[in-house]
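My entries follow in the order I looked things up.

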Amino acid sequence: MNVFVLSLLQSGVEGALLFLSQPTTITKYSKHFNICVIPCVSPWGYERIQRWTSKGTDPNRSFNPDGEIVEGRSFNPEAATEESTAIINFLKNEMSHVKEWLCHIDLHETTDTDETEFRLAKAARDGLESKPGEIPDGFYLVQDESSPMDAWFTAMIDSVRKVTHIAPNDKDGLIIGEKISQEGVIVIPNKKSLGLCAGVTDAPYRTTTEVYPDSPKATPEICNKAQVACIEGGLDHIISVM
C-alpha cells in the first residue's frame, strides 16, 4: 500500500520530518505501507513563512494548469510553477513504478500573512479588489467531494483533537466560506480539477491539512505535532479497515 505525503510551509515541513523521525514510522507503519514523503515543496516559501513562490504564485493551485476556471469559485487552477512541475515529473519518472496510490496527505498551514500580504498581492496581480477573509482559529481538513471517506476524516480529527483544538464553524456554519461535512472538515470540488496538490495523485484517501500557527492557543511544537497526529490517525484507520 503506497502513501504519499507532501508538505508546504513551516508546520507541514517540520511535521513531515517529525513523522519520519518517530520510532513508530519504522516499527509500525513501514510494515503496512510504502511511504514517500516530499517534505518541502517550496523551499523559498518555507524560509520566508509564505505560501507563495518567489514569482508570486501559489503552488497549491498549480498542479493542474489545464484545469477549468470557474468564475466566482474560491478555488481555481493556475499556471504550473517550477515547484509543481518538479513534483509532477518526479511522480511520472522516479515514481513511475507506483501504479496506484492508496493515501495522499498534504500538510499545510495558514498564517496571518495570507490576509495581510498574500490576498492583497494576488488581487493586485489579477487586477481585482481584495476581499478580507477570516482565518479559522484551529485545525481543519479539506475533503474532496468525489472521495468522501467520512470515517477516515473522523479518525484524523479525533487524533488531532488530542493535540490541539479543532477550528469552529463561523456564524454561517461554514469554514473559509465552504460547507462542512463534519466537525473540522470542509468539502470542496474534485481537487485535481482545482489544481490542488492533493489532486496530483488518484489516491482514494486524500486530504489537505490546515493549522493556524498564529493562534494564541498554538505553538510551533503543537502545530508540528498536530500534523503528525493527523498522519498517524489516518494511517491507523486505514490499517483497521484493510
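**Entry 1: H1 against H8**

I began with the residues where two helices touch. From H1, I listed Gln-10, Ser-11, Gly-12, Glu-14, Gly-15, Leu-18 and Phe-19; they meet Cys-223, Asn-224, Lys-225, Gln-227, Val-228, Ile-231, Glu-232 and Leu-235 in H8. I sorted this contact by class and got six nonpolar, six polar and three charged residues. I note here that the model is predicted.

Next I looked up the geometry. H1 covers residues 9–21, and its axis lies 8 Å from that of H8, at an angle of about 55°. H1 is therefore oblique to H8. I also checked the hand of the crossing of H1 and H8: it is right-handed.

**Entry 2: H6 against H8**

I turned to helix H6, residues 150–161. Its axis and that of H8 come within 8 Å and cross at roughly 140°. Angles over 145 degrees would count as roughly antiparallel. So H6 is oblique to H8. The crossing of H6 and H8 is right-handed.

Which residues make this contact? On the H6 side I found Ala-151, Trp-152, Ala-155, Met-156, Ser-159 and Val-160. On the H8 side I found Ala-226, Ala-229, Cys-230, Gly-233, Gly-234, His-237 and Ile-238. By class, the contact of H6 with H8 has nine nonpolar, four polar and no charged residues.

**Entry 3: the cavity**

How many cavities of 30 Å³ or more does the structure hold? I found one. The largest cavity holds about 60 Å³ of space.

I wrote down its lining: Gly-138, Phe-139, Thr-164, His-165, Val-211, Tyr-212, Ala-218, Ile-222, Cys-223 and Ala-226. Helix H8, residues 220–241, gives the largest share of this lining, three residues. Seven residues of the cavity lining are nonpolar, three are polar and none is charged.

I cross-checked two names. Cys-223 lines the cavity and is also in the contact of H8 with H1. Ala-226 lines the cavity and is also in the contact of H8 with H6.

**Entry 4: the second largest pocket**

Last, I looked up a pocket. The second largest pocket has about 320 Å³ of space. I counted 16 lining residues; Leu-91, Trp-101, Val-200, Thr-201 and Asp-202 lie nearest its centre. Which helix gives the largest share of the pocket lining? I found that helix H4, residues 82–92, does, with three residues. The lining of this pocket divides into eight nonpolar, three polar and five charged residues.

Definitions and conventions
Residues numbered from 1 in each chain as written. Predicted model: local features only at pLDDT ≥ 70, side-chain atom pairs only at ≥ 80, totals over all residues. Heavy atoms only, no water. 1 Å grid on protein atoms, 1.4 Å probe; cavity = no way out; pocket = protein on both sides within 12 Å on 5 of 7 lines; lining within 4 Å. Points joined across faces, edges and corners; volume = space filled by probe spheres on them. Helix = DSSP H or I, 4+ residues; strand = E, 2+ residues; numbered from the N terminus. Nonpolar A, V, L, I, M, F, W, Y, C, P; charged D, E, K, R; others polar. Axes fitted to C-alpha atoms, helices over the stretch in contact; angles between N-to-C directions. Parallel < 35°, antiparallel > 145°, perpendicular 65-115°, else oblique. Left-handed = near helix turned anticlockwise from the far one by under 90°. Contact = heavy atoms within 4.5 Å.
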